[in-house]
Amino acid sequence: MSHCKVPALIEAQVEMGSVNELEHKSLFRREEDDPTHTKAASLMEQGSLSPSFHEHATKSPKNSVIKSIKIVILSNKLNLLLPFGPLAILVHYMVDSKGWVFLLSLIGITPLAERLGYATEQLAFYTGPTVGGLLNATFGNVTELIISIFALKNGMIRVVQQTLLGSILSNMLLVLGCAFFCGGLVFHQKDQVFDKGIAVVNSGLLLMAVMGILFPAVLYYTHSEVHTGSSELALSRFSSCIMLIAYAAYLFFQLKSQSSSYSRLEEEANQNEEASGEDEDPEISKWEAIIWLSILTAWVSLLSGYLVDAIEGASVSWNIPIAFISVILLPIVGNAAEHAGAIMFAMKDKLDLSLGVAIGSSIQISMFVVPFCVVIGWMMGEQMDLNFQLFETAMLFITVIVVAFFLQEGTSNYFKGLMLILCYLIVAASFFVHEDPHQDGI
């Protein structure tokens, strides 16, 4: 009996094994048929996806008001400068010292510019790439845009032109130079590389912006206008509309036609964040990001009014040309977030992202903010044009040519960064000794 049971038992085990194997194979086929499940499983095995993946993907964080304030206001050391904003308003009404009001407003706006970038980044988690690109175009340089609109409202056209010019120069020379220099020091054994094709396209756009700004100035200084005084303004308004169309086409090209190149850059950024152990999930909800964007924009607008009103008084009390204040000091505030971001990416060997921050911001200002201010001035009845005068136009033209030469090889090192920084120091010194004959407040 025992000998008869053993083969039967073995046969039963074989049958059970074949059944289990069939079940295992069918289960394996189901996993193969479901690519989402397979992808999620493989990501969980790699440790890059937690079991609560679907929960994170579908739910946004719900924070209390106190927690939201703690995340946005108390999480950044730069926000220690926030009290300087209310202090500037107090000084304006109690002491009426234009120099101190300007300085305190300038310091108070600096953390607001950085927080605006943070809120825009959080909101971009909930939007598609097209909307995200438009958000970056709108809020990436919102500080310069608000200051420019307040200056236009006060009829300070030269301040608007010089502030926007200074922001372009600061991004191309100082921000990009510091990124190349710091990245080159960290990776001094090799040349860092970036996408040469994207850099060439960006250089071409900057040259187009220079063309739009150069021609009205050439028309004015050659005295070849058909209608003296009006042809230059008409050309500026027409060119501004063309530049806005070109910028819209650039956004479409960037986000649709060439989405593969830029999605690769996003993947590099995501891999960089994963390697550093950072959480990719949004920290605040969509509506919290919208509310914070509204609050920060309103606060920047309020301080910008005091800042613009104090420019001329600060120039007199400090004995500094208004051109130096407009071209050098004001853009440093608006570029605070870009400066930190470009350097951080360069030090992690992500030069494509650094160029996207520095050169991308210059393109936004030259192809979007400048012509937009011309259109806004047109609507306000102000004669804002693209004639940045001979000195400023020549400075912009030479800067774009220098940067284009530095980008043509597709490599960078600390020497190139140092050269760009030294070029910016020459620009700053030039505006410190430059007296603008057209700085008459109109």
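These notes walk through a predicted model of one protein chain, point by point.

1. **Ground rules.** Because the model is predicted, local features are taken at pLDDT of at least 70 and side-chain atom pairs at pLDDT 80 or more, while totals for chains, interfaces and linings use all residues. Residues are numbered from 1 along each chain as its sequence is written, and side-chain values use heavy atoms, with hydrogens and water left out.

2. **The overall picture.** The chain has 19 helices and 2 strands; here helices (H or I, at least four residues) and strands (E, at least two) are DSSP runs, numbered from the N terminus. Of its 442 residues, 47% are buried. Buried means under 20% relative accessible area, exposed means over 50%, and partly exposed lies in between, using a 1.4 Å probe and protein chains only. Among contacts between residues at least 6 apart in sequence, 83% join residues at least 24 apart, where contact means heavy atoms within 4.5 Å.

3. **Helices α10 and α18.** Two packed helices are described by the angle between their axes and the distance between the axes. Helix α10 (residues 196-221) and helix α18 (residues 389-407) pack at about 160 degrees, with axes 10 Å apart. Axes are lines fitted to C-alpha atoms, for helices over the stretch in contact, and angles run from 0 to 180 degrees between N-to-C directions. The two helices are therefore roughly antiparallel; angles over 145 degrees count as roughly antiparallel, under 35 as roughly parallel, 65 to 115 as roughly perpendicular and the rest as oblique. The contact involves, among others, Leu 206, Val 210 and Ile 213 of α10 and Leu 396, Phe 397 and Val 400 of α18. Its residues divide into 16 nonpolar, 3 polar and no charged. In this count Ala, Val, Leu, Ile, Met, Phe, Trp, Tyr, Cys and Pro are nonpolar, Asp, Glu, Lys and Arg are charged, and the others, Gly among them, are polar.

4. **Helices α6 and α13.** Now look at helix α6 (residues 98-124) and helix α13 (residues 286-309), which pack at about 160 degrees with their axes 9 Å apart. That makes α6 roughly antiparallel to α13. The residues of this contact divide into 17 nonpolar, 6 polar and 4 charged.

5. **The largest nonpolar core.** A nonpolar core is a set of buried Ala, Val, Leu, Ile, Met, Phe, Trp, Tyr and Cys residues joined through side-chain atoms within 4.5 Å. The largest one holds 103 residues, and Leu 176 and Leu 407 are among those that touch the most other members. Helix α9 (residues 157-186) gives the most to this core, with 15 residues. Leaving aside residues up to four places away in sequence, Leu 176 touches residues including Leu 355, Ile 359 and Leu 407.

6. **Phe 431.** This residue lies in helix α19 (residues 414-432). Phe 431 is buried, with a relative accessible area of 0%. Phe 431 and Phe 391 are 40 residues apart in sequence and 9.5 Å apart in space, C-alpha to C-alpha.

7. His 223 sits in the loop between α10 and α11 (231-257), and counts as exposed at 69% relative accessibility. Gln 389 lies in helix α18 and is buried, with a relative accessible area of 10%.
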